[in-house]
Amino acid sequence: MPETLFKVDLTKPMNEQELPGHNRWHPDIPAIVSVNPGDVFRIECKDWTDGQIKNNDDPSDIRDVNLNVVHVLSGPIHVNGAEPGDILVVDILDIGALQGDEWGFTGIFARNNGGGFLTDHFPEAAKAIWDLQGIYTQSRHIPGVRFAGITHPGLIGCAPSHELLAEWNRREKALVDKGGPAWKPEIPPLAALPNPENAILGTLPDSEFERVAAEAARTVPPREHGGNCDIKNLSRGSRIYFPVYVEGAKLSMGDIHFSQGDGEISFCGAIEMSGYIDLHVDIIKGGVEKYSMVNPIFKPGPVEPHYSEYLIFEGISVDEFSGEQYYLDAHVSYRRACLNAIEYLKKFGFTGEQAYLLLSCAPVEGRISGIVDIPNACCTLALPTAIFDQDILPH
């Protein structure tokens with residue numbers, strides 16, 4: 001087994017760990033360990049909420065979750081020899097649950113505390129607990145379903161430079177100041193701006209804490225450095241190429257998912273879990289300029305659930321409430337595809353909440369199937385039929 005360089009105690013919050021991680025992005029957060037190119041090592045991670053969600057039938061913890069805490073990350077890891085302009089090569093060798101903590105959760109956040117992709121239709125908090133049995137999972141809250149997961153880190157990335165951090169904060173504040181889109185101006189919030197409340201900044205000295213906490217970026221979205229991309233195919237055997245912005249790269253990770261559907265539509269939509277990741281790292285000197293890299297690039301691994309039969313639901317860019325036509329809007333189209341699938345599953349005994357949770361965490365395939373045929377974009381959601389213990393095909 002690889003040496004464990006970052007260990008977690010699941011009985012303690014991240015800021016009380018022997019080596020604390022962090023929940024903000026900032027180049028001045030100190031690295032907690034150094035590795036050499038070619039090294040293989042293990043990193044343990046808490047779930048993204050820092051243990052706020054419990055294995056019970058009460059969704060009040062989802063309703064009341066403190067989103068200023070998320071995401072708690074393990075790291076940063078200093079890779080010796082990595083310099084700005086290099087590419088950090090990260091191989092995911094293995095990933096799994098921590099012993100004695102083989103369960104996960106999927107949630108629908110309340111509209112007034114996080115919301116989600118379909119929050120106008122599902123404004124109340126709900127959750128499903130999943131029992132992890134090897135590569136398979138099932139839930140007492142969504143009976144009649146069992147499937148294999150494709151376990152992956154929802155969040156992994158390198159630290160930004162001071163210049164890149166300032167650019168993130170500039171453009172995201174400009175978005176907030178501009179207000180919501182014309183088709184839905186009331187959407188709150190438009191971005192998660194820096195917020196010192198509940199900031200965890202690793203081993204940063206107290207003298208620097210106030211300044212860094214005020215500048216540090218939230219971990220909510222994906223950005224140029226990687227971050228919270230929620231790509232379900234970043235599983236065992238994947239190789240990720242990250243642009244390096246600071247000396248040592250300062251790699252961090254967390255938000256491990258046992259399984260997820262494309263889009264993670266309920267926001268807390270994967271099967272969230274604590275876990276470990278075994279990694280191998282290397283460096284491509286000067287790789288950013290050589291390959292014109294702006295965002296990370298990755299090669300999927302060979303390990304994924306094999307489902308051969310799908311029921312595919314289409315959606316087009318027409319608002320389900322007003323009937324308003326939008327121009328090639330993939331967001332609206334995918335929402336409609338998800339809603340069509342949910343309404344269909346309700347005919348087979350599932351509640352709307354159960355169907356929403358299931359589409360968030362089961363290995364569904366989301367696609368932009370057409371983006372040129374004016375005025376309607378066409379998005380599709382492919383639902384594997386073998387995960388059900390009943391025949392869900394139309395007859």
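## Two cis prolines

P375 sits in the loop between β19 (365-370) and β20 (378-384). In this predicted model, the peptide bond that joins I374 to P375 is cis, with omega at about 0°.

P76 belongs to strand β4, which covers residues 73-79. The bond running from G75 to P76 is cis, and its omega is near -5°. Why flag these bonds at all? Because most peptide bonds are trans.

## A positive phi in a loop

Now for the backbone torsions.

You'll find A249 in the loop between β13 (239-243) and β14 (251-257). Is A249 buried or exposed? Its relative accessibility is 0%, and since buried means under 20%, A249 counts as buried.

## A positive phi in a strand

F267 also carries a positive phi, about 80°, without being a glycine. Where is F267 found? It's in strand β15, made up of residues 267-272.

How much relative accessible area does F267 have? The value is 26%. Partly exposed covers the range between the buried cut-off of under 20% and the exposed cut-off of over 50%, so F267 is partly exposed.

Note on methods: Residues numbered from 1 in each chain as written. Predicted model: local features only at pLDDT ≥ 70, side-chain atom pairs only at ≥ 80, totals over all residues. Heavy atoms only, no water. Helix = DSSP H or I, 4+ residues; strand = E, 2+ residues; numbered from the N terminus. Buried < 20%, exposed > 50% of the residue type's maximum accessible area, 1.4 Å probe, protein only.
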